[in-house]
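Colleague: I have the sequence and the structure open. Could you take me through the model, with a cut-off for each term?

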Amino acid sequence: MTLSVSAYVIAPDGSIADIPLPSDLAGFESARRNFYGAASKKYGLNLLSQLQDIAFLEVRGELLNQLLSEIEVLLNNTALDESGDYWRFRLNNIKIAAELALKHGEAGAISIG
C-alpha cells in the first residue's frame with residue numbers, strides 16, 4: 001500500500017473539486033512511522049507527525065503554511081544520496097499540492113494518506 005497526496009477545494013456547500021497534481025506519490029505505507037513519524041519527532045514537527053498515528057491527514061487553509069514549513073525542514077535535512085532523491089521527490093509532491101491548495105485560501109485543502 002502507498003501513501004498519496006491529493007489537493008482540492010471545498011466549496012461552501014461542502015462539495016469538493018479536485019486540483020490536478022503532476023504526481024500524487026508520498027511514499028510507501030511504512031513511511032508513516034519510518035520517515036514522516038520519525039523525522040517529524042526528530043525535528044519537532046507537529047502536522048506531519050500525526051501521520052504516525054492516523055491513516056489520513058487533512059490540512060486546510062492557514063495550516064497549509066505550517067505544513068509547507070515542515071516540508072522545508074525535511075527537504076533541508078534529507079540526505080543527498082539516492083534515498084534522498086526518493087524522499088525529495090515525494091516531499092516536493094506534497095509541497096506542490098499545498099502551494100496549489102493555498103491559492104484557494106481557506107477553501108483549499110490537501111490530504112495525505
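Colleague: Which residues have the most contacts inside the largest nonpolar core?

Modeller: This is a predicted model, where local features need pLDDT of at least 70 and side-chain atom pairs count only at pLDDT 80 or more, while totals for chains, interfaces and linings use all residues. Residues are numbered from 1 along each chain as its sequence is written, and side-chain values use heavy atoms, with hydrogens and water left out. A nonpolar core is a set of buried Ala, Val, Leu, Ile, Met, Phe, Trp, Tyr and Cys residues joined through side-chain atoms within 4.5 Å, where buried means under 20% relative accessible area, exposed over 50% and partly exposed in between (1.4 Å probe, protein chains only). The largest one has 30 residues, and those with the most contacts inside it are Tyr36, Leu48, Leu67, Ile94, Ile110 and Ile112.

Colleague: Which elements each supply at least two residues of this core?

Modeller: Helices (H or I, at least four residues) and strands (E, at least two) are DSSP runs, numbered from the N terminus. The elements that each supply at least two core residues are S1, H1, S4, helix H2 (63-76), H3 and strand S5 (108-112).

Colleague: Which residues of H1 are buried, and where is its kink centred?

Modeller: The bend at a residue is the angle between axes fitted to the seven residues ending there and the seven starting there. The buried residues of H1 are Ala31, Arg32, Phe35, Tyr36, Gly37, Ala39 and Ser40. The kink, of about 30 degrees, is centred on glycine 37.

Colleague: Is serine 40 buried or exposed, and what does it touch?

Modeller: Serine 40 lies in helix H1 and counts as buried because its relative accessibility is 1%. Contact means heavy atoms within 4.5 Å. Not counting residues up to four places away in sequence, serine 40 touches Phe35, Leu45, Leu48 and Ser49.

Colleague: How many aromatic pairs does the structure hold, and how far apart in sequence are the parts that phenylalanine 35 and tryptophan 87 tie together?

Modeller: Rings of Phe, Tyr and Trp (its six-membered ring) pair if their centres lie within 6.5 Å; planes under 30 degrees apart count as stacked, over 60 as edge-to-face and the rest as tilted. The structure holds five such pairs. Phenylalanine 35 and tryptophan 87 are stacked, at 3.9 Å centre to centre with 5 degrees between the planes. Phenylalanine 35 lies in helix H1 and tryptophan 87 in helix H3 (residues 82-102), so the pair ties together parts that are 52 residues apart in sequence.

Colleague: Why is the pair of tyrosine 86 and tryptophan 87 edge-to-face, and which charged residue sits over the ring of tyrosine 86?

Modeller: The pair is edge-to-face because the ring centres of tyrosine 86 and tryptophan 87 are 4.8 Å apart and their planes stand at 90 degrees. A charge sits over a ring if NZ of Lys or CZ of Arg is within 6 Å of the ring centre and within 35 degrees of the ring normal. Over the ring of tyrosine 86, 3.6 Å from its centre, sits the charged end of arginine 90.

Colleague: Where does glutamine 52 lie, and which residues is it in contact with?

Modeller: Glutamine 52 lies in the loop between helix H1 (31-43) and strand S4 (57-60). Glutamine 52 is buried, because its relative accessible area is 17%. Leaving aside neighbours within four places in sequence, glutamine 52 is in contact with Arg32, Arg33, Gly37, Ala38 and Lys41.
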